[in-house]
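Reader: I am new to reading protein models and would like to go through one slowly. Could you take my questions in turn?

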Amino acid sequence: MIAEPKLASRAAVQKENSIVDVPSSGSVIQTPNALRSGSKQKTPRGKRRAQEVSENAKRRHSERSFPRHRRASQEHSNNGDVEAVTLFEVVSMGKSAMQSVVDDWIEAYQQDRDTALLDLISFFIQCSGCKGVVTAEMFQSRHDTGLKKKMIEEFDEDTGLQYKKFMAFPWILTVTWPMDMDCGEYPLTMPGPYWKKFRCNFCEFIVMLIHQGQNSVIYDSYLMDTVISLLTELSDSRIRAFRHTCTLSALKLLTALVSVAVNIGVNKDNTHRLYEEERNKMTSKRACHRQEQLEKKIKELQDKQHEIEHMMNVIFKGVFLMRYRDVTPEIRANCMEEIGIWMKMYSPFFLNDSYLKYVGWMLNDKHTEVRLKCVLGLQGLYSNTLFISKLELFTSRFKDRIMSMLLDKDHEVAAQSMKLLMLISQNCEDVLSLEDCKTMYQFVYSSHRPLATTAGEFLYKNLLSHHQVPDQEDRVSKRKRRNNHYTSTMKTLIQFFQENELHKHVSYLVDSLWDCASPLLKDWESVTALLLDDPQQGEGLNDSQQSILIEILLASVRQAAEGHPPAGRGTGKKVFPAKERKVQVDDCVKIIEHFIVVLPELLAKYSTDANKVTSLLQIPQYFSMDVYSTCSHIEGHLGVLLKQMKDVIEKHTDQEVLEAGSRTYQALWSKEMAIHNQVNVSRSQLIDQWVDKFNQLLKDFLQEGESLCANEEEVYQILSTLKRITAFHNAHDLSKWNLYDSVSRILTAGSEHGGIPHQITIQALQCTCYSVLWQITTCLEGAFSKENVLAQRSQLRSFCEMCQNCLSHEHPAVKEQAFTVLCDTLIACSYRLHSGERHDLAPLVYTPDAKLQRALLTFIQEQVFTKVEQETQSRASENGDEVNKLDELHRRRSLLAAYCKLVVHSVVEMTTAAEIFKQYMKYYNDFGDIIKETLSRTRQMDRIQSARTLVLCLQQLFLRLKQEQGSSSCGSSIQTISTIKELARRFSLTFGWDQIKSRESIAMMHKDGIEFAFNGFVQNGQKQPPPNIAYLTILSEFSNKLLKPDKKTVYGYLQRYTGNQVLTYKEDGWISLVCYRASLLASGEEDDSYSLTSTDTFKESSHTNHARAMPLKRKLSNESRVSTAELCNSSLLASSDTNGRTPDVKVTPQFISTVIKGGKWLKCSQGRNGKETEESPDIGHPQDAMLQDQPDATNEDVDIDTFDMEPA
């Protein structure tokens, strides 16, 4: 409650209150959709009479009070728009001239302030989305002892309405609204551009109201007292709509008052300066009346300032302190946003530790928007150097928290925190330590680009900006000074990169610095000059620094040519505006003009260093051939570049160098460009030379009988030549050289006679694979005769046979290479990829036979799921080589992913994936994501077959466990069966929440599981359980995925195998059956309750014993879990094998499907004996289903759809 104003006496207030016409009965403010229910204290007839009187009075006052607004509304109405009557309608319609609307209201307030003020109160209530009634009662004394008892907020059960009664001086307001208001939306939270504009108009109206009345109405001790009391009381409501709307209104009101206080302070300072000037005048020239006027004005401004500050203090204590920790995050965010504005606008009053502490505390808020508003508010404070002295204590207290926000889970908060720390570093001396700066530098490698670029700007300003390159005039006149500056800057950057030891992230470092240091990074002339200069007396770069500088050079060229960030930092290629596109084209011209001349010199200087030439060879890949065609003066340099590239490739056999050279030739070789012939000739000469050399070496390498005859030098020559051919065959179609026939001779000789070095075999496998794949690609792109297709088919079969033979090679690298190329080839030739495109290529579709599938699966089991990898990892950890450990894991993941692709593309049988699914739990940390994705993809292909694969997996594990227990002690059987149960539970979770989609597959799993469990059991009165009865314990993990009607059907299907006499057995061997029955009956119909040990004759009616049935079912569910975990394992697999047959069932069991069809819903009714009787559905027209309402999710009524399920 706001304190009594000082400028108005109580007598004046009472005199003003006596003017109101209806002091006893009250006034009613009703929205356009107002309720017609009366208040709790009045009769309905009296309430309606009061509403009619209020509406008539309001209509009369509206005609008199809003002449301009009424005319504007009529003009809009004449133009076809909706006529606006209330303030809410005016603001929601988005009047362009908000000032005129406020002026109209102020004019009306000056004529009849009570009616206008009630209109303003109604405006705030309607903006809260309230479709209720506001009743105003007058009071004469603030010291009424019963006043506090009237301040209530309660719910009336009889009318279903909520009431809130509170004081808004000079009234006691009662707001009545429906119960459903708290769960609905209100204008501030409604989506869409209309309501977003309404929020802006709403805030603008409040600010404009204070701005237009800053010289008149806000000082009358009537308007502001009422509005502040109203907003303070409603901001404390339990209803979110009231609390949010009125809190925002109060905060914006305080912001407007801050603006008024700032204006008053400026006027007071100006007046005081005039007063001092007048006072300092000579006595003869001093005007006494002028001095008195200035003194009076200063006192008046001081009184206004004190009153405004008093209002601000009341709002702050009554609203902000109560709501800045509100449960609603939007309210907390509004509080933090506004307090930042207050401290920045009116720093003498708000910028102190008493107010800053609230912002510091809310930096730990769990909601992202709140933390973001705090950081943005602090940025506005730290950007002003005049505020730094007042922020010292806050900085020392909350600096660590701001540093920790660099790791915030929200990227925007982290990026803005980095900007805040940059401002602190710039304006606050010695606040950030060297360790803090190093921590901030590391974020240049962040995957979030805004955070990385901000960290890059901080890095550039702190480490590199003092090494700025001089202007253009200095470059011409003082070249030596320029080189020294650039060398010093790049050395600093290289040193930073070396200290971080992240040598594979140069592109990310360049991208982080690109926005702020692009002139430095695009100064390729200085970079190449630095690389070409010979180091003199230690001033140049050493070998490692040169390597890093070349990587930076390559990354900057790529960034300038492509324009998008590296992988992992962007969603894709962005569309450049015209200005940025022009800059990119200019950079491409500079790249090709500069590097077409300089690159041959760099290649010649570093031709013996494999790492350096690998990066240098990639630069021509970013040449723009469109630009090259327009630069005729550089055509002569292309031949020099191609010759130097050829010399470099001839000197190296490293895979990286050869791969880079191959990709560069591919980039330069384009049939649409004029340089195509020149590049094609150079490439053909190079390959001709290698092929001729290889054929000659191969002739000497394999003599008559295809036996091996070569020394070490010849082996090296043939290996290096084959590496070059293979590297180029990856990016170029070399089919015209007929490499398959010559290279396949090596594989044939190796399989027949042996003795081929494994390095040569690996390269031969890769080269033949490229030949096969290029042939398939050529067949898909062009028209081939039937003879060519058959020849290609024969070649494909022979290649697969050679790879299959290599799978049994003695060297593991050969086996791995054979597996990899075989998977690539089979996927390329799979039926799913090519059968629908070209019917004439159907002979190329190759499906591996059973022998090859077994060989592939055996390889995966030996190389991925074996104990050998554990020994390898232990040795790697002992040596402290974590890199090798990760590389080994990556290798095994790649092999498993390759095989899973074969399963997903239907190259191998889906049932072979059962061996993969078995390892889901054991290797969950290493391969869990791959196996889970494979399971999801197979389910998308065929749900039934995927479920059968899971069944096969579990049954094989069960039989293996049974076999192991039969030959050894069963001491570890409990943990082993628990592992299988956990695996089944994980499989069950992969089916998701939609039971309709997985209905048939789950039913099939239960059907096959029951048949497997009772295989060999005959109902002849024997008490010995079936040999596989314990499998039901595992199968029970899938019972919760059955629909309730299906559980009954599955239970009936189970009864066909067990019979009633089996259910009376209580031996340990039958506990698995009891547990499985319990899982089927635990969540059944509410009228069925079963005991764990009794038969199914125990039933209770849900209508008479509902209170007992539910606890019993909960107890049943819990006991079933206990039985599964404790009882079943103790006697699991304890029964001996019995010979028998599956019972011959003549009547086919049926499953009930809940597929919604046309017709009535099946109703279940209770008979007198407590049993259910089903009503037959009437099948109607299919279109009738469109006219029916979808049943409630809790309704058990279903339609009938049956499918057969014969026992095996």
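Predicted model: local features only at pLDDT ≥ 70, side-chain atom pairs only at ≥ 80, totals over all residues.

Reader: Is the ring pair of Y441 and F458 stacked, tilted or edge-to-face?

Author: A search of the whole structure finds 42 aromatic pairs. In the pair of Y441 and F458 the ring centres lie 5.5 Å apart and the planes meet at 40°. Planes under 30 degrees apart would count as stacked and those over 60 as edge-to-face, so this pair of Y441 and F458 is tilted.

Reader: Which helices does the pair of Y441 and F458 link, and how many residues apart are the two?

Author: Y441 is buried at 8% relative accessibility, and F458 is buried as well, with a relative accessible area of 2%. The pair links distant parts of the chain, with Y441 in helix α17 (residues 434-441) and F458 in helix α18 (residues 449-464), and the two are 17 residues apart.

Reader: How are the rings of F1012 and Y1031 arranged, stacked, tilted or edge-to-face?

Author: Both F1012 and Y1031 are buried, and they join distant parts of the chain, since F1012 belongs to helix α43 (residues 999-1013) and Y1031 to helix α44 (residues 1031-1035). Their ring centres are 5.0 Å apart and their planes stand at 75°, so the pair is edge-to-face.

Reader: Which charged residue lies over the face of Y924?

Author: Elsewhere in the model, the charged end of K1041 sits over the ring of W993, 5.8 Å from its centre. For Y924 the distance from the ring centre is 5.0 Å, and the residue lying over its face is R986.

Reader: Is S221 buried or exposed?

Author: S221 is found in the loop between α7 (193-212) and α8 (223-234), and its phi is near 60°, a positive value in a residue other than glycine. Its relative accessibility is 9%, and because buried means under 20%, S221 counts as buried.

Reader: Is N738 buried, partly exposed or exposed?

Author: N738 also has a positive phi, near 50°, and its place is in the loop between α30 (712-731) and α31 (739-752). Its relative accessible area is 42%, which falls between the limits of 20% and 50%, so N738 is partly exposed.

Terms used:
Residues numbered from 1 in each chain as written. Heavy atoms only, no water. Phe/Tyr/Trp six-rings, centres within 6.5 Å; stacked < 30°, edge-to-face > 60°. Helix = DSSP H or I, 4+ residues; strand = E, 2+ residues; numbered from the N terminus. Buried < 20%, exposed > 50% of the residue type's maximum accessible area, 1.4 Å probe, protein only. Lys NZ or Arg CZ within 6 Å of the ring centre and 35° of its normal.
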